[in-house]
Amino acid sequence: MGELMFRRGFKTWSEETAAKFRRKLQVAMDAPLDSAAIAACLKVPILRPRDLSEIPTDAVERLVSIHREEWSAITVTDGRHNLIVLNSAHSQARQSSSMAHEVAHIILNHEPSLVFIAPGSGVALRTHNKDQEDEAGWLSGCLLLPRTALLSIRRRRLSDDQACAEYLVSTAMLQFRFNSTGVDLQLRRGAQYGRGH
């Protein structure tokens, strides 16, 4: 996959935004952060399919069984308020990442590229274009694994499995953050510099 291209200053803004949320929630920069805490801070309710009493039971069962791999999370809005419906059939790490991704869309005030109105309800289901998805993916990574956390993982010599269990993220997200932030390169250069002096 090629390098993601963002508008100027977006990556720095994302790290700063992640730091602001951690300060507000009184969570250290190198500590795990619960995605639900960010949603609560934004007053965005998190629901699971079985919480949706308006949906027939058989439809809910299909969402968490037959169709469980076809969706992760979705933001529902009435134009003024948002709520996130999370796929409870997924692992805790995947739910955490999915929740952070949806929260990132809300933080970024993304206007959906497509809106589907559920018939008779006035409730909108939103979808986003690739640029918005890339931005939400980057910001959610910063929220869950800021650079300070990545450096802590390496300095404590945690295995990928240990890091994923502690920070409640997927291996894919962990590797993406290490590869895209240059943390490993920074540490290698620091080690080489230390050996040369």
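Tutor: Begin with the inventory. This is a predicted model, and its secondary structure comes to nine helices and five strands.

Student: What pattern do they follow along the sequence?
Tutor: Reading along the sequence gives α-α-β-α-β-β-α-β-β-α-α-α-α-α.

Student: How much of the chain is buried?
Tutor: Of the 197 residues, 41% are buried. The chain exposes about 11300 Å², and carbon and sulfur atoms supply 54% of that area.

Student: Now helix 5. How many of its residues are buried?
Tutor: Helix 5 is mostly covered, with 11 of its 15 residues buried. Among them are Trp138, Leu139, Cys142 and Leu144. Asp134 and Glu135 are also on the list of buried residues.

Student: What do those buried residues pack against?
Tutor: The buried residues of helix 5 pack against helix 1 (10-25), helix 2 (35-41), helix 4 (92-107), helix 7 (160-167) and helix 8 (171-181).

Student: And what should helix 5 span?
Tutor: Helix 5 covers residues 130-144, so at 1.5 Å a residue its 15 residues should span 21 Å. The C-alpha atoms at its ends are 21 Å apart, which agrees.

Student: Which residues does Ser97 touch?
Tutor: Leaving out residues up to four places away in sequence, Ser97 touches Leu144, Val169, Ser170 and Met173. Leu144 is one of the buried residues of helix 5.

Terms used:
Residues are numbered from 1 along each chain as its sequence is written. This is a predicted model: local features need pLDDT of at least 70, side-chain atom pairs count only at pLDDT 80 or more; totals for chains, interfaces and linings use all residues. Side-chain values use heavy atoms; hydrogens and water are left out. Helices (H or I, at least four residues) and strands (E, at least two) are DSSP runs, numbered from the N terminus. The expected span of a helix is 1.5 Å times one less than its number of residues. Buried means under 20% relative accessible area, exposed over 50%, partly exposed in between (1.4 Å probe, protein chains only). Contact means heavy atoms within 4.5 Å. Accessible areas come from the Shrake-Rupley method with a 1.4 Å probe; for residues, only the protein chains shown count as cover.
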